Amino acid sequence: MLVWLNGRFQDARTARVAATDRGLLHGDGVYDTWRTYDGVPFAVPAHIRRLTAATRMLGLPAPGAAAVWEQRTRALVTRNHLTDATIRLTITRGDAGDALVPSRPAPPTILLTLRTLPPDLDALQARGIAAVLLPFGRDAAAPWAGFKTIGHPSAVVGRMLAARKGAGEGLYVNVAGEVTEATTANVFVVVGDTVWTPPARGDVLGGVTRDLVLRLARAAGLTVREAALPLARVRAARELFVTASTVEVLPVVRLDGRQVGDGRAGPVTIRLQEAYRAAVQRQMSRAASATRRRNR
């Protein structure tokens, strides 16, 4: 597997950063993720905008133009002989000293990596996954909650806890007894004729996929409400699903061992899955047309 590290493609097994890199010592860095379809990056400008906002908050160098990262993404998947993959761009403050206050100027560490998609993703999207409620909330609050910072022990511990219980996701529950999000995704429920999701503020990390699904739901004539999700509302939901760039729209059919709805992906979830796939196809068609024009 090859990665792009500080301007060069390198073998992932031998690529190195300094032992005193601040991302390693202090979690002093940010990242964002997107995916590719048939080798074409999807929604990179939106991800780069969020990453740019995060670098501004931490005083890190901005990632630069989305077009540059689209080009590097294409090169990375091509060199790894992949077409569909998850891409992660990480930026740290680099080797600037191990004290909390950087002791010397240093170039940032910039790392572009990829991983393969779950081989059974199509099947998971069709049949759904199990999830569990976590006994804690996400370990970030405003103003940091809106950014993907490197350190996220709640996600690591939460996903391991879910795995031990045979589940594919864990849902954070805050001190107010509200479900806020999943370890790597945003959460939605369908109650009556309304699609609910927590507002992307406070201790909730918004998502590029979340925003697109909200637009698609409104365009489809569905009633959408961004409001807190008390545990009782989540447990009573007839449909529950999570959204993220990698998994798109993923149904949750069991929660804490109990069946959600009739134990299958619900009609609203399926409708949004279809709308999302259509949106992807439209962007891929536009990208293909742009490539043909450039190559004339």
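This is a predicted model: local features need pLDDT of at least 70, side-chain atom pairs count only at pLDDT 80 or more; totals for chains, interfaces and linings use all residues.

Student: Across which strands does helix α2 lie?

Tutor: Helix α2, residues 44-58, lies across β3, β4 and β5 (85-92). Angles between axes run from 0 to 180 degrees between N-to-C directions. In this case, helix α2 runs at about 175 degrees to β3.

Student: In what order do the strands of the sheet stand?

Tutor: The order is β2-β1-β6-β5-β3-β4, in an open sheet of 6 strands with antiparallel pairing. Both β2 (8-11) and β4 (40-42) are edge strands with a single partner strand each, so one side of each has no neighbour in the sheet. From one strand to the next, the twist averages 30 degrees.

Student: How many bridges join strand β3 to β4?

Tutor: Two strands pair if at least two bridges are found between them. Here, 3 bridges join β3 (residues 29-37) to β4, and these strands run antiparallel. As one example, Tyr37 has Val40 in β4 as its bridge partner.

Student: How many helices and strands does the protein have?

Tutor: The protein has 8 helices and 16 strands.

Student: What radius of gyration does the protein have, and what would a compact globule have?

Tutor: A compact globule with 296 residues would have a radius of gyration near 19 Å; the protein has 20 Å, which agrees. For burial, the cut-off is under 20% relative accessible area. Of the 296 residues, 49% count as buried.

Terms used. Residues are numbered from 1 along each chain as its sequence is written. Side-chain values use heavy atoms; hydrogens and water are left out. Helices (H or I, at least four residues) and strands (E, at least two) are DSSP runs, numbered from the N terminus. Contact means heavy atoms within 4.5 Å. The radius of gyration is taken over C-alpha atoms; the globule rule is 2.2 Å times the number of residues to the power 0.38. Buried means under 20% relative accessible area, exposed over 50%, partly exposed in between (1.4 Å probe, protein chains only).
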